[in-house]
Amino acid sequence: MRNGTAVGHTPALREGRIHRMRKRLLRLLGLLGYLGVLGGILVLSSYLAFSTFVRRGSMAVPDLVGLPVAAAEQVLAEKGLRLRQLQDEARFDETVPAGSVLQHNPPAGSFAKQGAAVGVILSRGQQLVEVPDLTGQAVQAAQVELAAAGLSLGSRASVVSLAGAPGAVVHQTPSAGELVDQATAVDLKVSTDNPAEIYVMPDLVYRDSEAVRRYFETRGFQLGSIKYEPYEGVDGGIVLRQYPLAGHPLRKRDTIALVVAAASTP
C-alpha cells in the first residue's frame, strides 16, 4: 500500500511544484515590469525637470522669414524678444520683398532667453539696374553698353527719322534712367534713310563756286570747306574738284567740300 500510495501521488506532487514555480515566476515578472515602469517614470520626470530648469525663462523663436521688419519686431516683442537688424548683411533676393526678413538667427524653433536679441537679415528685393541712354549710338555700341549693365538687347526696328544718322538709335524701350530688373531686354528703334530725302550729287566741276554755294544753301544743304589752289588756264572761282563725287548719293546732312581755282595774281 505504501508503495502504491507513493507511486499514485507522485504526478500530483510534481504538478503542485510546477504550479508553485509558475506563480513565483509570474510574481517575479510582474515585479520586474513594475520596476521598469517606475524607472521609466523616474527617467521621464528627471528629463522634464531638467528641461524645465534649462529652458526656464526661454521662448521658442517664431518664424520671421517673409515678414516686414515692423511686423517681425512686433511678433518678437510679444514673445519677450528683441529684433536686431544686421544691416551690413542685407542682400538682394527675387522672392522676398525689400524690407522683409530674409533670414534670422537663432532660427525658427530654437530657444532664446527672454529679452535676447534675434539678428535678422533683410531682403533688398529684386536687384534693379538703371537703363543707360543709348540715343545716338550705333547698334553694336548699344549692345555692348547693355551687356555691361546686365541687360540684353531686345527687338530692333528701322524707322525713318531725322533725329539721327542712319544706323543710330533714335528711341528705346524702357527709356533711359528707368530702373528694371536684370536681364531685361531693351527694344531699339534705329534710324534709316528716308528715300525721299536722298539726292544725286550733280557734277560741279568747271562751275562758278559762288553760284554753286547759293544753289545748295537755298535748298538746305551744307557747304563745307572750300580750298583754293592755283590752276593754270582756269579762271579764279571755278570748281576744280568736289566731294561727294558726281553721281553719289547726297543727303541734306552731308557736307559738301570743294576745291576752287584761286584767282591769278598779276
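Me: Why is Ser 58 called buried in this predicted model?
Reply: Buried means under 20% relative accessible area. Ser 58 has 16% relative accessibility, so Ser 58 counts as buried. Ser 58 lies in strand 1, residues 58-60.

Me: What does Ser 58 touch, leaving out residues up to four places away in sequence?
Reply: Ser 58 touches Phe 111, Ala 112, Lys 113 and Gln 114. A contact here needs heavy atoms within 4.5 Å.

Me: Is Lys 113 buried, partly exposed or exposed, and what makes it so?
Reply: Lys 113 has 45% relative accessibility, so Lys 113 counts as partly exposed. Lys 113 lies in strand 4. The C-alpha atoms of Lys 113 and Val 61 are separated by 9.6 Å. Along the chain, Lys 113 and Val 61 are 52 residues apart.

Me: How do you know that Arg 24 is called exposed?
Reply: Exposed means over 50% relative accessible area. Arg 24 has 51% relative accessibility, so Arg 24 counts as exposed. Arg 24 is placed in helix 1, residues 2-54.

Me: Which residues form the positive surface patch?
Reply: Arg 14, Arg 17, Arg 20, Lys 23, Arg 24 and Arg 27 form the patch. Lys and Arg count as positive, so a patch of these residues is called positive. Patch residues need over 30% relative accessible area. Arg 24, at 51%, therefore passes that limit.

Me: Why is Tyr 206 called exposed?
Reply: The limit for exposed is over 50%. Tyr 206 has a relative accessible area of 58%, so Tyr 206 is exposed. Tyr 206 also has a positive phi of about 70 degrees, although Tyr 206 is not a glycine. Tyr 206 is found in the loop between strand 11 (199-200) and helix 4 (209-217).

Me: What makes the Glu 210 and Arg 213 pair a salt bridge?
Reply: A salt bridge needs a side-chain nitrogen of Lys or Arg within 4 Å of a carboxyl oxygen of Asp or Glu. The closest N and O atoms of Glu 210 and Arg 213 are 2.1 Å apart, so the pair counts. Both residues lie in helix 4, three residues apart, about one turn of the helix. Glu 210 is partly exposed because its relative accessibility is 34%. Arg 213 is partly exposed because its value is 26%.

Me: How do you know that Arg 214 and Glu 210 meet in a salt bridge?
Reply: The N to O distance for Arg 214 and Glu 210 is 3.8 Å. The limit is within 4 Å, so this pair also counts as a salt bridge. Arg 214 and Glu 210 lie in helix 4, four residues apart. Glu 210, Arg 213, Arg 214 and Glu 217 are linked in a network of salt bridges.

Me: What makes Arg 241 and Glu 229 a salt bridge?
Reply: Their side chains meet at 3.2 Å, N to O. That is within 4 Å, so the pair counts. The pair links distant parts of the chain: Arg 241 is in strand 13 (residues 239-243) and Glu 229 in strand 12 (residues 222-229). Arg 241 has 43% relative accessibility, so Arg 241 counts as partly exposed.

Me: How many salt bridges does the structure hold?
Reply: The structure holds five salt bridges.

Notes:
Residues numbered from 1 in each chain as written. Predicted model: local features only at pLDDT ≥ 70, side-chain atom pairs only at ≥ 80, totals over all residues. Heavy atoms only, no water. Patch = residues over 30% accessible without salt bridge, like charges linked within 9 Å, V, L, I, M, F, W, Y side chains within 5 Å. Areas by Shrake-Rupley, 256 points an atom, 1.4 Å probe, with all protein chains shown as cover. Charge placed at Lys NZ, Arg CZ, Asp CG, Glu CD. Helix = DSSP H or I, 4+ residues; strand = E, 2+ residues; numbered from the N terminus. Buried < 20%, exposed > 50% of the residue type's maximum accessible area, 1.4 Å probe, protein only.
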